[in-house]
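Here are my notebook entries from an afternoon of looking things up in a structure. Have it open beside you and follow along.

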Amino acid sequence: MILRDCFGDDCLTKANTGATGDKCRVVILTDDPGWHGARLREAFESRGVVSSFASLRDCRFDFHRFGRSVVLPGFEDRLPDGVFVRGVPGGTLEQVVLRLDVLHALRLLGVPVYNDGRAIERTVDKAMTSFVLAHAGIATPATWVTESEAEARGVVTKETAGGRELVVKPLFGSQGAGLKRVNGVAALPAAPDYDGVYYLQRYIEPAAPGWHDWRVFVINGTAVAAMIRHGKDWITNVSQGGRCEPADLAAHDDLRSLAEDAVGALEMDYAGVDLIRDGEGRTHVVEVNGIPAWKGLQSVSRVNIAQRLADDFLDRYLQRPMLHSVA
């Protein structure tokens, strides 16, 4: 095996070079820069790094370009020094696979990708997230995933007979969209409504009165900020009208350690972890978000989350030459 610099003459990363030479250039992948894009751009600029926005829809392969076969908007003649993933657009199976292929290829070409394609795959797919968490011994609600409506009905029958409710979720989904509580077989939606896959998770009733859960933001294995989300109903997502309240991580060591363990098991650079504490005082990881929003969390946190993200990305990945492994 030969270790060498990434392809081409622009392979040395240049974070913080500042006055001399080309500045480091980072692409923020998103379809809608909005508030989050503006905060990230400010954070990168504070470190002397130039950032631009691009959509994965507009990225492509061009195999006539040896070493630069991945082409991103604005980078037709070179590769960016780093890529920050803020959004992976939905689409057909072929479109989504191609977009993930781009992330994988960039990493193979020596371009740091934050979070990379592997981390995105493990978290955009709730079934794989649940598998990894359960396999690692991370406390998470009992979950069943099947294409069989008969098997799904059997799970619902057994669970409701024991006095428990279930939540059916889209396998690919976020921000609380498509969640439905199921308290009997009659309430089980038709399979086509969820693209032919039933993802059924045991509903956890919060320990304290009122609908609420926790969101813990983890960067490089360390929980940096947290909040309690109070919902108008049982769905507490901020995008669904949830109210944010600051949470002291020092006072909730179990939340901190559980969130950090979950992100470690999924091998992610950063993540938003949703947790809930049941009536017996046990805490469960409900979801792990690989492309988390943090506008609501920022509104109740003193930590500059965008700056922490940019600093971690630059300090860990863009301060030294990237080596490319060629078999």
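**Entry 1**

I started with Phe 313 and Tyr 317, which both lie in helix α8, four residues apart, or about one turn of the helix. Helices here are DSSP runs of H or I with at least four residues, strands are runs of E with at least two, and both are numbered from the N terminus. An α-helix has 3.6 residues a turn, so residues three or four places apart point the same way.

Before going on, I noted that this is a predicted model, in which local features need pLDDT of at least 70 and side-chain atom pairs count only at pLDDT 80 or more, while totals for chains, interfaces and linings use all residues. Residues are numbered from 1 along each chain as its sequence is written, and side-chain values use heavy atoms, with hydrogens and water left out.

Next I looked up aromatic pairs. Rings of Phe, Tyr and Trp (its six-membered ring) pair if their centres lie within 6.5 Å; planes under 30 degrees apart count as stacked, over 60 as edge-to-face and the rest as tilted. My search of the whole structure gave 13 aromatic pairs. In the pair of Tyr 114 and Tyr 317, the ring centres are 6.2 Å apart and the planes stand at 75°, so I wrote down edge-to-face. Tyr 114 belongs to strand β7 (residues 113–114) and Tyr 317 to helix α8 (residues 305–317), so this pair ties together parts that are 203 residues apart in sequence. Phe 313 and Tyr 317 are also an edge-to-face pair, with 6.1 Å from centre to centre and 65° between the planes.

Are Tyr 114 and Phe 313 buried or exposed? I used these cut-offs: buried is under 20% relative accessible area, exposed is over 50%, and partly exposed is in between (1.4 Å probe, protein chains only). Tyr 114 is buried, at 0%, and Phe 313 is buried with 0% as well.

**Entry 1: other residues of α8**

Arg 316 is in helix α8 too, and its relative accessibility of 23% makes it partly exposed. What does Arg 316 contact, leaving aside its neighbours within four places in sequence? I found Tyr 114, Asn 220 and Asp 269, where contact means heavy atoms within 4.5 Å. Asn 220 is 96 residues from Arg 316 in sequence, yet their C-alpha atoms are 9.2 Å apart in space. With Asp 269, the side chain of Arg 316 makes a polar contact of 3.0 Å. (A polar contact is a pair of N or O atoms within 3.5 Å; within protein, one must be able to donate a hydrogen and the other to accept it, and residues adjacent in sequence count only if both atoms are side-chain atoms.)

Not counting residues up to four places away in sequence, Gln 307 touches Ala 43, Ser 46 and Arg 47.

**Entry 2: helix α5**

The buried residues of α5 are Ala 152, Val 155, Val 156 and Glu 159. Seen down the helix axis, they fall within an arc of 95°, so they line one face of α5; the arc is that of the directions from the axis to the C-beta atoms. Their cover includes β8 (143–146), β9 (166–169), β10 (180–182) and β11 (198–202). On the other side of α5, I found Ala 150, Lys 158 and Ala 161 exposed.

At the N-terminal end, Ser 148 caps α5, with a side-chain oxygen 3.3 Å from the backbone nitrogen of Ala 150. Just after the helix, Gly 163 has a positive phi of about 80°.

**Entry 3: the whole protein**

Last, I noted the totals: eight helices and 17 strands, with 50% of the 327 residues buried.
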